[in-house]
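I opened this notebook to record what I looked up in one structure. The entries follow the order in which I consulted the model.

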Amino acid sequence: MDKLVVEGGRPLSGTVKVSGAKNAALPLMAASILCGGPLILENLPRLGDLKTMGLLLRHMGGEVDPFWEKPESPAGDSGPDSPLSGPGPVSLDMSSLRLPEAPHELVKTMRASALVLGPLLARFGRARVALPGGCAIGVRPIDMHLKALKEMGTEFDLSGGDIVATAPKGGLRGAEIRFDTVSVTGTENIMMAAALARGRTIISNAAREPEITDTGEALIRMGADIEGLGTDEIVVNGRDSLHGASHRVMPDRIECGTLMAALALAGGRIRLEGAPLECLKAVTEKFAAAGLKVDSEGSVMDLERAEERLRPVDVTTLPYPGFPTDMQAQFMAMMTLASGASIITETIFENRFMHVAELRRLGADITLEGRSAVVKGVAALSGAPLTASDLRASACLLLAALAAGGKSQIHRVYHLDRGYDRLDGKLNLLGARIKRMRA
Ligand code: UD1
């Protein structure tokens, strides 16, 4: 298992490119199950969760280019357009898929594996999917996915930790689905299932995250009939079949926000290329209030810290277009060094403050009060050994370590590698000093 050794206190400079979005790539890969020909995905990031999804699709009998094995150009070689190159166009051909089963060994690390359930049921009328794992940031049930699929006629059994699902004879039926809580993968799962269901499905209280829109747009290219993407009501008229298509995965707004937070913490001046500015409004507003100078043109973002110290800013996480829970930990890292107190409130996941104890080891002053963290900015952090507990927490610790004096070690970085495309490599290109070592 790798660990990172970070030498803090070095300002950042230079240019990096934002990678493709993990949270769009995952449902897009699952969507390939629905089509009769190859789905070609461009701009896939290199990260662990996508390899897991690729192995899962292969296990079921699909043909997936093993993009996780493709050699990357070495850092510094600028490749076609990026110093850390992507794998190029990747073909996913599920026409040979025979085994609609997602076993525990493959899905235990990744909650998004639940995303294959809707597509498998829609195409095969049956599926067996192990109950998913993933980040330990709360209970995170998939009850709403199952309830909605039930309303489309599915019957469920639980056997040996697996969900065994059977669609009615003739296939899933369109239905009027209302989610009690806004759910990102829930909306995606049902939208994909509905694309091949009989009749019309109306999804109300749908999530509006841009990654859902990206997936929906790919489905439309595959021949699906979908309206209302980006609103809280998505209407899908089921088709008999979908065909192959090509799609470019949208850029990762969370990776972009994480790199912005890195600059805010480490100081310096950097340029981010391929930034999805239009879906980062809530984030850039808070960053600007904290004292980050953001200059943008098209998809190019120039960033600089306006003052020596960041200003305290309160944040409450909300579904899109609100401030994303996936940026909460990184923003908290920033606030540990602000010139006053801020309150960070988490409304999406009940247990997403596991980074607090680790930030305190660096000298941060944070008190938890229910779903809020009161962060009193300190003048400096100092390096310490740290343990990452989940994906965004590992990014938060890495960023805090960039700003801390001396050396920090971050253990269990496999969480970081699950969800970021070589974040340490990108930060090193920007002048950080991060060494990856076998622990
Ligand atoms: C997705 C993202 C994740 C992000 C989260 C919230 C992917 C692959 N992951 O996760 O990075 O942090 O959205 O923006 O896109 N819930 C239920 N029952 C359900 C489903 C959800 O109670 O059946 C609850 C969850 O526990 C949570 C809330 O609803 O409290 C929102 O979760 P949801 O939007 O479903 O998160 P994910 O789709 O898992």
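**Entry 1: a loop residue.** I worked throughout with a predicted model. I looked up Asn205 and found it in the loop between strand S11 (200-204) and helix H7 (210-221). Its phi is near 55°, a positive value in a residue that is not glycine.

**Entry 2: a cis peptide bond.** I then turned to Tyr320 and Pro321, which are joined by a cis peptide bond with omega of about 10°. I located Pro321 in the loop between strand S18 (315-316) and helix H10 (328-335).

**Entry 3: the ligand.** I asked which residues come nearest to the ligand. Of the 19 residues around the ligand, these are Arg111, Asp143, Thr185, Asp326 and Ile348. Helices H5 (143-151) and H6 (184-195) each supply at least two residues of the shell. The largest share, three residues, comes from H5.

I next looked up individual atom pairs. A polar side-chain atom of Asp143 lies 2.6 Å from a nitrogen atom of the ligand. For Thr185, a polar side-chain atom lies 2.5 Å from an oxygen atom of the ligand. Val184 takes part through its backbone: an N or O atom there lies 2.8 Å from a ligand oxygen atom. I also noted the cover: on its own the ligand has 740 Å² of accessible area, and the protein covers 87% of it.

**Entry 4: two helices.** Finally I examined helix H1 (residues 22-31) and helix H2 (residues 48-59), whose axes come within 10 Å and cross at roughly 5°. Angles under 35 degrees count as roughly parallel, and H1 and H2 are therefore roughly parallel to each other. I listed the residues that meet: Lys22, Ala25, Leu26, Met29 and Ala30 in H1, and Asp49, Leu50, Met53, Gly54 and Leu57 in H2. The residues of this contact divide into seven nonpolar, one polar and two charged.

Terms used:
Residues are numbered from 1 along each chain as its sequence is written. This is a predicted model: local features need pLDDT of at least 70, side-chain atom pairs count only at pLDDT 80 or more; totals for chains, interfaces and linings use all residues. Side-chain values use heavy atoms; hydrogens and water are left out. A residue is near a molecule or strand if one of its heavy atoms lies within 4 Å of it. A polar contact is a pair of N or O atoms within 3.5 Å; within protein, one must be able to donate a hydrogen and the other to accept it, and residues adjacent in sequence count only if both atoms are side-chain atoms. Accessible areas come from the Shrake-Rupley method with a 1.4 Å probe; for residues, only the protein chains shown count as cover. Helices (H or I, at least four residues) and strands (E, at least two) are DSSP runs, numbered from the N terminus. Axes are lines fitted to C-alpha atoms, for helices over the stretch in contact, and angles run from 0 to 180 degrees between N-to-C directions. Angles under 35 degrees count as roughly parallel, over 145 as roughly antiparallel, 65 to 115 as roughly perpendicular and the rest as oblique. Contact means heavy atoms within 4.5 Å. Ala, Val, Leu, Ile, Met, Phe, Trp, Tyr, Cys and Pro count as nonpolar, Asp, Glu, Lys and Arg as charged, and the others, Gly among them, as polar.
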